[in-house]
Amino acid sequence: MPAPEVTGVRHGLYRDDANLLLASRVVVDMTGLTDWTWFTLTSPDRLVFDLSPAVFGGGVGHLPVGDGLVRAVRWAAHPGERVRVVLDLTRPAAHRSFRLVDPPRLVIDVDRLEVTLYSHERARLEVLPLDEYLIGVLAAEVPPTFQAEALRAQAVAARTYTLRRLRTFGGRGCSVHPGADVCSDPAHCQGYSSPERLRDSWREDYDALRGRLAAAVSDTHNLFVAYGPRPAEAVYHSTCGGHTASSAEVWGQSLPYLEGVPCEYCRISPGYRETRRLSLAEARRRLMAEFFAVKETTASGRTRRAEVAGCSFTGSELRDRLGLASTLIESVSGDLAVTTRGSGHGVGLCQWGAEGQARLGRSYREILRYYYPGTDLRGVRFVSGAGGGAPGPGKPDSPSPEGPGEPQPVVVIDPGHGGVDPGAVGPRGTYEKDVNLAVSLAAAEALTGRVEVHLTRREDETVSLRRRTDLANEKKAVLFLSVHANGSVRPEAGGTETYHFPGSRLGGLLARAVQRRLLEALRRRDRGVKEADFFVLRETICPAALAEVLFLTNPREEALLRDPGVQRKVGQALAAAVFDYLAEVR
Ligand SMILES: [Zn+2]
Ligand SMILES: [Zn+2]
Ligand SMILES: [Zn+2]
């Protein structure tokens, strides 16, 4: 059998929202499958793949790329039925490689999770690889001499905070600096110190201290604090002073894992207790209010009424309470001393508490679970390989996203309610669960053949929400679509609306496709695409949408929803939306 031939090389960006992956993807097209080994070279950074057995008849191939990470790809035949493919990189980066069967090709994904930072130090935007950025965050946020476990906890918290803000994955970015995911202002986003600044301040300790921080970042691989499948709001502060604050009391929004926990561990913090002394004049200036003011005097110059800290006192009350010798006040001077405990907003991870716990021998996992109760650690599933220069095995080192032989994408359709749970009930006694099932079966029928469809139920049975999302996650679905009919106490309420998880870019894309197709098929009122933290939207790893097709409680719409012809039409509209979505993301 002749050796497979390299027929071409392609490049593109690969994004996986579910796993927060972003990669520069290089695809080597071939006439057959082959094995390969790889190694890295430095200055300049290169990633080298040797494909063997393989041939290439075109001399030297060259594909200019210039995507910020991959400069170019070069390939050429080498003696012994070997083809060498070289990726010229702008910096070292992790990668994964795997082959796909139909058509035969080698896929190389180079990790490009990167952060656009607004640097206050340099007053401009900078693009940094995520882990590089995190080293600078640790340097700015905690003493580099912290215990290794405390540094790891901080690394995971900072990574989580950052992932949540990445605009690439639907995050909102920094609200002050347009175009930035985060800024380097610790009071606004997270602190960040550049290598140059650290070199200046750490001097001969630079290598050792930076090494400690870099180790904390790489030791925690790509871990983030997850609540459900998504990154949690992993905020942190210097010192809580005895009990962390709930997000509700500080920002007015409550989160189950930010309700506040007792923390006796941060007593070691130099900022555990602080006394601020202000002259009364300074306090007045800062509060823009008088702290102690004589408001009215009598004819003889005695105090008739004075205000102290916003309260009004008569002269004699003042004299009594303060034990003044008279009400003839000449001047008020002196200090206002306010002693506080803790430092920072107090919500989430207490940095000095983490240090205290690390000194007690706790691991970063225990520390993170302590300050973010109810969360788990999850990994951004990029397999790190490059950087060491060691040759790697030429076998797929992670399951490929497309999979060998490219099976059809898995789509999960979820008929809402069922069994003991009827859902909404129409004025003529129509059950939502029955409508949802009929529509879902029609959708599944229209989808079959082009995708692999799974239904969370095929009959009138009780299925928990958890079982529904588990099915999607186990089957590695590419999308999850939950089918519902709406209900309202107002019979006139009507129309179509579709939900996705707040901030999910792909969820939004799917929901918009669904809404568009449903409106087209039904021509009822457009209630819009909405965001909601529904269980099935939150707990599904893949992009998900929930359609409220029409209102079962509206007599006109109930009549439509009961009609088998309309049910089929709605099912077909949902299938069309799925194809619209897949065409857009693939
Ligand atoms: Zn900011
Ligand atoms: Zn604390
Ligand atoms: Zn429902």
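This is a predicted model: local features need pLDDT of at least 70, side-chain atom pairs count only at pLDDT 80 or more; totals for chains, interfaces and linings use all residues.
**Figure 1. The zinc ion (ligand 2) and its cysteines.** The angles among the four donor atoms run from 103 to 116°, and the site is tetrahedral. For comparison, the ideal angle for four tetrahedral donors is 109.5 degrees. Along the sequence, the donor residues follow the spacing C-x22-C-x2-C-x83-C. Look at Cys 266 and Cys 350 here: they link distant parts of the chain, 84 residues apart. Cys 266 comes from the loop between α5 (247–251) and β16 (273–279), while Cys 350 belongs to strand β21 (residues 349–350). Cys 266 has a relative accessible area of 0%, so it is buried. Cys 350 is buried too, because its relative accessibility is 0%.

**Figure 2. Phe 56 and Trp 75, a tilted pair.** Aromatic pairs come to eight in this model. In this one, Phe 56 and Trp 75 sit 6.0 Å apart centre to centre, with 55° between their planes. Phe 56 is in the loop between β4 (46–52) and β5 (60–64) and Trp 75 is in strand β6 (residues 70–78), so the contact ties together parts 19 residues apart in sequence. Buried or exposed, these two, Phe 56 and Trp 75? Both are buried.

**Figure 3. Tyr 133 and Tyr 192, a stacked pair.** Why does this pair count as stacked? The planes of Tyr 133 and Tyr 192 are at 15°, and the cut-off for stacking is under 30 degrees. Their ring centres are 5.6 Å apart. Tyr 133 sits in helix α1 (residues 130–141), and Tyr 192 in the loop between β12 (182–183) and α3 (195–202), so the pair ties together parts of the chain that are 59 residues apart in sequence. Tyr 133 counts as buried because its relative accessibility is 0%. Tyr 192, at 7%, also counts as buried, since the limit is under 20%.

**Figure 4. A tyrosine cluster.** Last stop: Tyr 265, Tyr 370 and Tyr 371, which form one aromatic cluster.

Conventions. Residues are numbered from 1 along each chain as its sequence is written. Chains are lettered from A and ligands numbered from 1 in the order in which they are written. Side-chain values use heavy atoms; hydrogens and water are left out. Rings of Phe, Tyr and Trp (its six-membered ring) pair if their centres lie within 6.5 Å; planes under 30 degrees apart count as stacked, over 60 as edge-to-face and the rest as tilted. Helices (H or I, at least four residues) and strands (E, at least two) are DSSP runs, numbered from the N terminus. Buried means under 20% relative accessible area, exposed over 50%, partly exposed in between (1.4 Å probe, protein chains only). Donors are N, O and S atoms within 2.8 Å of the metal (3.2 Å for Na, K and Ca); water is not among the atoms, so sites may look incomplete. Four donors count as tetrahedral if all angles lie between 85 and 135 degrees; four count as square planar and six as octahedral if opposite donors are over 155 degrees apart and all others between 65 and 115; anything else is irregular.
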